[in-house]
Amino acid sequence: MDFFRDRDGKPILLNMVKGIQDNKEYLSEVDGLIGDGDHGVNMNKGFSIFETRYGAEECSFIEGLEKLGTVLMDEIGGSMGPIYGTLFLEMAEAAAGHEEISVKVLAEMLAAGLDGLYEIVDARVGDKTLIDTLAPAADTLKKAADKKNSLKDTLKAMVQAAQRGCDSTRELKAKYGRSSRLGERSKGVLDAGAVSCRIILSSMAEGILRLCME
């Protein structure tokens with residue numbers, strides 16, 4: 001099946017939550033090398049608030065993305081709350097009205113999320129941020145939608161693109177945030193936002209594939 005029903009998508013969101021919760025210590029460890037060291041704590045706080053507040057409620061994938069985005073936007077503070085909040089809210093808005101989430105819809109969702117971030121941040125690919133993970137993933141989805149590739153193959157390719165993008169941040173010099181003060185010394189370490197974005201996209205893909213196999 002090359003789509004999943006929006007109404008059935010709550011397990012995908014909970015898998016994204018689990019991805020962050022399982023990696024909270026790793027995310028803070030990565031962040032601590034050149035940043036504040038609190039990325040895992042903040043991300044885990046936001047995703048866990050969503051789980052506690054809405055985990056027992058009936059909600060669709062699109063509704064859940066909107067709720068998750070609102071929680072992150074309003075309740076975790078720092079720079080990453082508004083960034084991930086914007087990403088999820090824009091994704092939800094782009095998918096509004098769709099009962100079935102296909103490769104094409106997913107591509108539109110991630111593209112809208114990326115465009116939304118471009119309106120609030122100056123970072124682009126190569127600046128050692130989550131954009132380095134998100135942009136290639138969005139581009140891969142768009143190309144797959146144009147070629148009408150299967151959902152399974154598309155998600156596999158998206159995860160690989162996200163991984164490559166995340167890995168690329170290791171040798172980049174940070175241009176934004178606290179780590180930018182380190183200049184050349186910021187090289188040799190992954191960007192924490194790029195890592196959390198990879199985890200989120202991978203967990204989303206895993207959740208979708210698991211749902212489609214049921």
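**Exercise 1. The largest cavity**

Solution. The model is predicted: local features need pLDDT of at least 70 and side-chain atom pairs count only at pLDDT 80 or more, while totals for chains, interfaces and linings use all residues. Residues are numbered from 1 along each chain as its sequence is written, and side-chain values use heavy atoms, with hydrogens and water left out.

Step 1: On a 1 Å grid over the protein atoms alone, a cavity is a set of points where a 1.4 Å probe fits but cannot get out; a pocket is an open set with protein on both sides within 12 Å along at least five of seven lines; lining residues have an atom within 4 Å of a point.

Step 2: The volume of the largest cavity is about 40 Å³. A volume is the space filled by probe spheres set on the grid points, which are joined across faces, edges and corners.

Step 3: Helix 5 and helix 9 each supply at least two residues of this lining, and helix 9 gives the most, with four residues. Helices (H or I, at least four residues) are DSSP runs, numbered from the N terminus.

Step 4: By class, the lining has nine nonpolar, no polar and no charged residues. Here Ala, Val, Leu, Ile, Met, Phe, Trp, Tyr, Cys and Pro count as nonpolar, Asp, Glu, Lys and Arg as charged, and the others, Gly among them, as polar.

**Exercise 2. The core and Phe88**

Task: Which residues have the most contacts inside the largest nonpolar core?

Solution. Step 1: A nonpolar core is a set of buried Ala, Val, Leu, Ile, Met, Phe, Trp, Tyr and Cys residues joined through side-chain atoms within 4.5 Å; buried means under 20% relative accessible area, exposed over 50%, and partly exposed in between (1.4 Å probe, protein chains only).

Step 1: The largest nonpolar core has 67 residues, and Tyr84 and Phe88 have the most contacts inside it. Helix 9 gives the most to this core, with 12 residues.

Step 2: Apart from neighbours within four places in sequence, Phe88 is in contact (heavy atoms within 4.5 Å) with Met16, Phe47, Leu65, Leu68, Gly69, Leu72 and Ile200.

**Exercise 3. Gln160**

Task: Is Gln160 buried, partly exposed or exposed?

Solution. Step 1: Gln160 is found in helix 8 (residues 151-168).

Step 1: Gln160 counts as partly exposed because its relative accessibility is 39%.

Step 2: Gly77 is 83 residues from Gln160 along the chain, and their C-alpha atoms are separated by 30 Å.
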